[in-house]
Amino acid sequence: MQYVIAVFSALLPAFFLVGYVWFRDKNKREPIREVLRGVWNGVLSIVLALIIVTPCTWLQQFLPFFAEGNVIWGAVGTAFLSAAIPEEIAKFVMFRSLVKENRYFDERMDGIVYAAAVSMGFAGVENVLYLLDNLDALLGVGLIRALFSVPGHFFYAVFMGYFYSLACFGDKRRKVLNYVLALLVPILLHGIFDSLLFVMPHITTIGVFLALILFVAFNIWINVMAHKRMRIVIETDKVMLEAQRAEEVLEETPPSEEV
């Protein structure tokens, strides 16, 4: 029974956030089957992340500044090379495979919805593994991860989908830059999140207190910025949809007869 509770508790935040972002897409919601396909792609991205992490951790051994022997910067190196980089690359690959030539991907908010679905598939399975490994502290670990870790993956996905949609539907002169930002920004945010956690065991009590304050402030900031971007694309999509409907009405209206 404890295992069932752990799995349910682990998956609940991920599915809640998938439902949340799907409901936010109020202009033209994506088919549920496509969203679930995104979640499944996120589950598969874990396998890809495990493949990518091997050369990343191998690379860390050849970067003295980020080597594990260098306590503080070693923790930062581990945060990026063992977590942020392989995980976000894996999610980006599976996200792109989902939306490429997908006829339902026709609005800016769609990028955020599908990126979030992939990310929550990844985060849900990751959360299950963490909680099953911490059954003796299920409530504490589950609560902390539900408040920070799973939403963190969600917010990284918002930025991934936002910049990817800008590359597809925005200024063509910034297309390449936005593609790069769709991967780079989530890696950077994820890396900062994990770095703040990974350095805590290696610093003084006062340092831990300051790191905790910075960690909470960082999470509040990415929450605010992610929701700001969702509001922007929702309003942009609304204007575009209204313009399309106006054009359709004009095309369907027969020309008036001259007297």
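The largest nonpolar core holds 52 residues, and Val-21, Phe-95, Met-109, Ile-112, Met-120, Phe-154 and Phe-163 touch the most other members. A nonpolar core here is a set of buried Ala, Val, Leu, Ile, Met, Phe, Trp, Tyr and Cys residues joined through side-chain atoms within 4.5 Å. Buried means under 20% relative accessible area, exposed means over 50%, and partly exposed lies in between (1.4 Å probe, protein chains only). Seven helices each supply at least two residues of this core: H1 (2-24), H2 (32-60), H3 (71-99), H4 (108-132), H5 (138-169), H6 (175-198) and H7 (205-252). H5 gives the most, with 12 residues.

This is a predicted model, in which local features need pLDDT of at least 70, side-chain atom pairs count only at pLDDT 80 or more, and totals for chains, interfaces and linings use all residues. Residues are numbered from 1 along each chain as its sequence is written, and side-chain values use heavy atoms, with hydrogens and water left out. The score pLDDT is the predictor's confidence in each residue, from 0 to 100. The protein chain averages 91, and 94% of the residues score at least 70. Among its elements, H6 has the highest mean pLDDT (97) and H7 the lowest (89). Where pLDDT is low, the predicted coordinates should not be read in detail.

Now the overall layout. The protein chain has seven helices and zero strands. Both kinds of element are DSSP runs, numbered from the N terminus: helices are H or I with at least four residues, strands are E with at least two. Along the sequence the pattern reads α-α-α-α-α-α-α. The C-alpha atoms fill a box of roughly 90 × 45 × 35 Å, taken along the principal axes. Of the 259 residues in the chain, 47% are buried. Contact means heavy atoms within 4.5 Å. Among contacts between residues at least 6 apart in sequence, 77% join residues at least 24 apart.

Take Ile-112. Leaving aside neighbours within four places in sequence, Ile-112 is in contact with Val-21, Val-158, Gly-161, Tyr-162, Met-230 and Val-233. A second, separate core has seven residues, including Ile-46, Ala-49, Cys-56 and Phe-122.

Next, the surface. The accessible surface of the chain comes to about 14,200 Å², and 70% of this belongs to carbon and sulfur atoms. Areas come from the Shrake-Rupley method with a 1.4 Å probe; for residues, only the protein chains shown count as cover. Trp-58, Leu-59, Phe-62 and Leu-63 form a nonpolar surface patch, with about 430 Å² of accessible area together. Patches are made of residues with over 30% relative accessible area and no salt bridge; nonpolar side chains (Val, Leu, Ile, Met, Phe, Trp, Tyr) are joined within 5 Å, like charges within 9 Å. Leu-59 is found in helix H2. Leu-59 qualifies as partly exposed because its relative accessible area is 38%.

The whole structure has five salt bridges. Each is a side-chain nitrogen of Lys or Arg within 4 Å of a carboxyl oxygen of Asp or Glu. One joins Lys-28 and Asp-106 (2.9 Å, N to O). This pair links distant parts of the chain, 78 residues apart: Lys-28 is in the loop between H1 and H2, Asp-106 in the loop between H3 and H4. Lys-28 is partly exposed at 33% relative accessibility, and Asp-106 is partly exposed at 31%.

Another salt bridge pairs Arg-37 with Glu-34 (2.9 Å, N to O). Both lie in helix H2, three residues apart, about one turn of the helix. Arg-37 is partly exposed at 36%, whereas Glu-34 is buried at 9%.
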